[in-house]
Each structure stands twice: as structure tokens, then as C-alpha cells.
Amino acid sequence: MDHDLVDPPLLSMPDAELLSRLRDGDEGAFEHIVTAWSPMMLRMARSFVSTQPSAEEVVQDTWLAVIRGLDAFEGRSLLRTWVLGILHNIARTRGAREARSVPWSSIAGDEESALDPSRFEAPGGPWARHWTDDGAPRPWQPSPDALVIASEIRRLLATALARLPEQQRTVVSMRDVSGLSSDEVCDALGITAANQRVLLHRGRTKLRAELEHYYHGHDSRGG
Amino acid sequence: MTVGERSPVELVCQDLVALLTDYLEGSCDATTTQLLDSHLDGCPDCREYVAQMKAMIEQVGYVPLETLSPGTQQSLVEAFRDFHQSPRPTAP
């Protein structure tokens, strides 16, 4: 993942120093965290509210609250954790007001298995629940033109990510695109570790299946 | 596995696929992890599946996320500047 986006070199300084610069009015430091963290914040906000403009307002209001609250922040958690906590409160309040239909308090219970069960041998035989000959994953052969493939793959994954159900999309984005830890994501979204893993698993399984379809043209249901 | 079931003697391909995220997160218990490790040792198809999942995770890390509009970003920097330039009441 692009570590520079979440923790740009300027911000590899210890949190205490970052905080001190921000309190001193260092615009460069502020601009860097806005650039680094806003994409992830937008994605997270979007999962609480009904529209993209609403999500942008939530992120904007969050940063304004951060500006005002920096002096009083005691530094008992990481700055980013504190910022996401503010975002969580504002997003949840706005979401409740908009009567958004899928709150984070319930995990959308999809769902057929993301991977076609017919790719495994039926229970009961000696090879029960192993890959079938046809179902087993075949290696993905890279094309001779590696650069073309890389950008095609990324475009494909971007589209597939945007098509995931909202909660899966958010967890995969926060974990695998933005590089937050499992604990950070659970705290920020107010979900359990188990729920987070379920969403991450479903999202990743679908994305891998999309790539497989690209390479080998398997049934797009993920089989 | 639910309470009351005996632990399986082995875990196989369909289990690996279902448990892969837990496995990669390090959240499986020791027995499950051992069983999955041992299955992977003997199963090139599952090793391929794991490698593909890891390749996808690496690639998705490069997907660009939507950003704030430049105008919004600029107005936030200005708000920060204004806040730090104007005299603020000292805390009681």
C-alpha cells in the first residue's frame, strides 16, 4: 500500500512533535495531515451518511473541530486515533439525522459464500472439501508488459472496490488501502474485531475473485 | 467449530479459504494455525490461493481514494491559519 499517503515522511516524527508543531500553528504540518488522512476519513464518513456531499461536510466539520480542540487534546492516544474519534461522533450524529438505513451497529448479513462451493469436492469422499481439478486456482501469468498490466489491475480493483457492499468497501479501504491497523479500524467504526474480520474477509475474497476473473475468465460470481 | 464439536484431525482446502483472513491476521488459535500450516505444506493449490490473495492485497494498496476538493482543503488551511493568528482566550 502507499505508506506515504497515511504516514508521509514529514509525519514519521513522533506524535508529540507533530502535536507540538500543530499547536505552534505550523501550516505545513496541518496541510500534511489533511492531505494524508482525508481520503480515508471521507470513505469512513461516507459509510455513515447518505451522500458524498454529506460525507465531505462531515470531514470538514471534523477538521474544524480538530483545529479548535488541539490545545485541549491531552495526547493520551495517537493524534490520528483522536481525529477518527471526532469523525466517528460527527458522522454518527449526521447519519442518525439522515436516517441512514445500514448503521454500523448491524453487520449486513449478506450472503452466499463469496467463492462458488462447487469448486470444492462434496463432503463424504476421500477428497471431501478439497479443491476440484477444475476449481483449483491456476497461477496468474503476468503479461510481458508489466507496467500496462499493473495499471489495468489497479483500475480493475478500484472499480471492484467501489462495487463492494458499503461496509466491506469501508473496511477493505481502511485496512488494505489506507493501512490502518485492525484495532484502529474497530475503534473508528465502533465494531468488534470479529465483525471487522468478517467484512474484511468477504471484501477481500470478492476482490481476489475479480482478479482471477480478469486473468482466467472464471465465472464472475467468484467461482 | 462450535462448542461440543471435537477438533478436526485436519483442515482442508475449503477451510483454508474460509479461514484465510483470520489466518493472515494471526487471529486463529494455535491448533487451527498449526493445522492450516500443515495443510499448506502439502497443498500447492492452496499455496497458490494464498499467494493470489496476498498479491491482490498488495495491489489494492495502490488504489487511489477520493480526496477533498482543493477548495475545501484550502479553506481548512485558512481556518487553521486564522485560528492561530487571532488572539485566543486562555483556558480558565
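Residues are numbered from 1 along each chain as its sequence is written, and chains are lettered from A and ligands numbered from 1 in the order in which they are written. In this predicted model local features need pLDDT of at least 70, side-chain atom pairs count only at pLDDT 80 or more, and totals for chains, interfaces and linings use all residues, while side-chain values use heavy atoms, with hydrogens and water left out.

Colleague: At what angle do the axes of H2 (residues 15-23) and H3 (residues 27-46) of chain A cross?

Modeller: Helices here are DSSP runs of H or I with at least four residues, and strands are runs of E with at least two, numbered from the N terminus. Axes are lines fitted to C-alpha atoms, for helices over the stretch in contact, and angles run from 0 to 180 degrees between N-to-C directions. The axes of H2(A) and H3(A) come within 7 Å, and their crossing angle is roughly 120°.

Colleague: Which residues of H3(A) make the contact with H2(A)?

Modeller: Contact means heavy atoms within 4.5 Å. On the side of H2(A), the contributors are A:Leu18, A:Arg21 and A:Leu22. From H3(A) come A:Ala29, A:Phe30 and A:Ile33.

Colleague: Which residues of chain B does A:Phe30 touch?

Modeller: Residues up to four places away in sequence are not counted. Within chain A, the partners are A:Leu22, A:Trp63 and A:Ile67. Those in chain B are B:Leu76, B:Val77 and B:Phe80.

Colleague: Why does A:His130 count as buried?

Modeller: A:His130 is found in the loop between helix H5 (79-97) and helix H6 (146-163) of chain A. Its contacts beyond four places in sequence include A:Phe120, B:Val12 and B:His39. Buried means under 20% relative accessible area, exposed over 50%, and partly exposed in between (1.4 Å probe, protein chains only). A:His130 counts as buried because its relative accessibility is 13%.

Colleague: Is B:Glu25 buried or partly exposed?

Modeller: B:Glu25 is found in helix H1 (residues 13-25) of chain B. Its contacts with chain A include A:Arg175, A:Gln196 and A:Arg204. Because its relative accessibility is 25%, B:Glu25 counts as partly exposed.

Colleague: What percentage of the residues of chain B count as buried?

Modeller: The secondary structure of chain B comes to four helices and zero strands. Residues 24 or more positions apart account for 50% of its contacts with a separation of 6 or more. Of the 92 residues of chain B, the buried share is 38%.
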